[in-house]
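Visitor: I have a model open on my screen. Can you walk me through how to read its features?

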Amino acid sequence: MNKKMFLVLLACFVVFGLVFGIQAVMRIGMNQFFDSMPMPAASITVAEAEDASWARGISAVGTARAVNGTQLTTESAGIVTEIRFNSGDMVEKGDILLKLDDATDRAELQSLRAAAELARLELDRSKRLNQQGSISKAELDRSQSQADQASGALNAQQARVNQKTIRAPFSGQLGIRQVDLGEYLSPGTPVVSLQQLDPVYIEFSLPEQRLASIQLEMDIEATVDAWPGERFSGQITAMEPGINPGTRNFTIQATLDNPDNKLRAGMFARVNIDLGDAEALLAIPQTAVSYNPYGNAVFVVIEGEADENGEPSLTVSRRFVRTGRTLGDMVAITEGLEAGDRVATSGLLKLSNNASVIISDEAAPQADTAPTPDNT
């Protein structure tokens with residue numbers, strides 16, 4: 001019995017040993033096969049690093065702001081009795097826009113005007129009597145004080161009456177009316193916005209490294225999405241004297257003529273500052289650059305030995321570069337490439353150092369210094 005059990009166990013060990021041995025041999029063979037299997041060549045598009053001449057300039061983004069812009073409100077409370085404007089009207093400085101009920105204030109004004117006139121007559125009489133020696137200097141001073149108090153009360157009441165009439169503080173375009181006839185307004189209630197849009201300001205920021213390049217009265221050009229293809233010209237008229245310690249940027253204000261009121265307050269604007277003569281540089285498409293926290297890199301195409309068909313084998317080599325300014329779809333390379341180097345412009349995510357590639361131009365990305373994309 002013991003001998004039979006021993007033979008059974010021995011047979012089991014032999015069988016399982018063969019099974020596990022075969023699996024181990026197969027696993028080793030598969031690993032060796034995959035390790036030695038060549039990776040398929042990645043399909044990419046390429047572009048050459050080319051010498052270019054770009055106009056020297058600085059690009060920035062900014063916001064349009066009205067030269068004068070405010071939300072008109074009331075200084076005193078009252079009921080709206082008269083509205084003399086429509087939403088969107090163009091108005092001149094001093095135009096009456098709205099009146100509040102001022103009947104009670106005008107009645108009080110008339111009473112104070114009569115009191116001021118009486119105080120003035122009393123003062124004139126006191127001056128004559130003082131010259132005749134009939135009253136003392138103290139009585140004359142008392143009359144002078146009463147006349148001054150009456151005049152001050154009259155002026156204060158006149159100011160309260162004036163507050164019941166809202167006038168345009170400057171010429172410009174009104175917004176949408178926010179009050180109605182008969183409505184009771186509290187002090188500070190918004191009535192309508194007023195914007196002076198000709199000329200118009202565009203404010204933008206630049207890094208502190210650009211401070212030496214910017215001067216007053218430099219020409220600028222601005223474009224906005226609302227008017228594609230149209231350029232608005234102006235000049236730099238002001239700069240903040242200090243640098244923002246949080247962003248290390250400084251703010252610039254440019255003034256642009258806006259006779260047609262095409263530029264509106266709050267618009268997003270792209271600004272370009274012309275710095276003079278053109279600059280010679282090396283440019284490649286922006287799609288060729290892999291931007292990383294540890295440095296920007298490109299994949300340069302390297303030609304190897306020719307195959308049996310006479311075609312050279314192609315691989316890519318990762319090369320770190322230093323990028324400069326951009327223009328449209330292109331970016332300037334200040335260090336790391338030479339003119340004529342071919343770089344991969346698509347398929348970068350599937351590339352690695354020394355990877356085999358094939359070049360295809362079927363889906364090459366567009367690269368232009370002045371792109372005009374179709375927004376339809």
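**Salt bridges and surface**

Guide: Start with Arg-342, which counts as partly exposed because its relative accessibility is 24%. The cut-offs are these: buried is under 20% relative accessible area, exposed is over 50%, and partly exposed lies in between (1.4 Å probe, protein chains only). This is a predicted model, where local features need pLDDT of at least 70, side-chain atom pairs count only at pLDDT 80 or more, and totals for chains, interfaces and linings use all residues. Residues are numbered from 1 along each chain as its sequence is written, and side-chain values use heavy atoms, with hydrogens and water left out.

Visitor: Which side chain meets Arg-342 in a salt bridge?

Guide: The general idea: side chains of opposite charge can pair when their charged atoms come close. A salt bridge here is a side-chain nitrogen of Lys or Arg within 4 Å of a carboxyl oxygen of Asp or Glu. The partner of Arg-342 is Glu-303, at 3.3 Å, N to O. This pair links distant parts of the chain: Arg-342 sits in strand 18 (residues 342-344) and Glu-303 in strand 15 (residues 296-306), 39 residues apart. Strands are DSSP runs of E, at least two residues; helices are runs of H or I, at least four; both are numbered from the N terminus. Glu-303 counts as exposed, at 52% relative accessibility.

Visitor: How many salt bridges does the structure hold?

Guide: It holds 14. One of them joins Arg-231 and Glu-221, at 3.4 Å, N to O. Arg-231 lies in the loop between strand 11 (219-224) and strand 12 (232-239), and Glu-221 in strand 11, so the pair ties together parts 10 residues apart in sequence. Arg-231 is exposed at 56%, while Glu-221 is partly exposed at 30%.

Visitor: Where do Arg-120 and Glu-117 lie?

Guide: Both are in helix 2 (residues 103-132), 3 residues apart, about one turn of the helix. Arg-120 is partly exposed at 38%, and Glu-117 is partly exposed at 36%.

Visitor: Is Lys-164 buried or exposed?

Guide: Lys-164 is buried, because its relative accessible area is 10%. Its place is the loop between helix 3 (137-162) and strand 7 (165-167). Not counting residues up to four places away in sequence, Lys-164 touches several residues, among them Asp-101, Asp-102 and Asp-105. Contact means heavy atoms within 4.5 Å.
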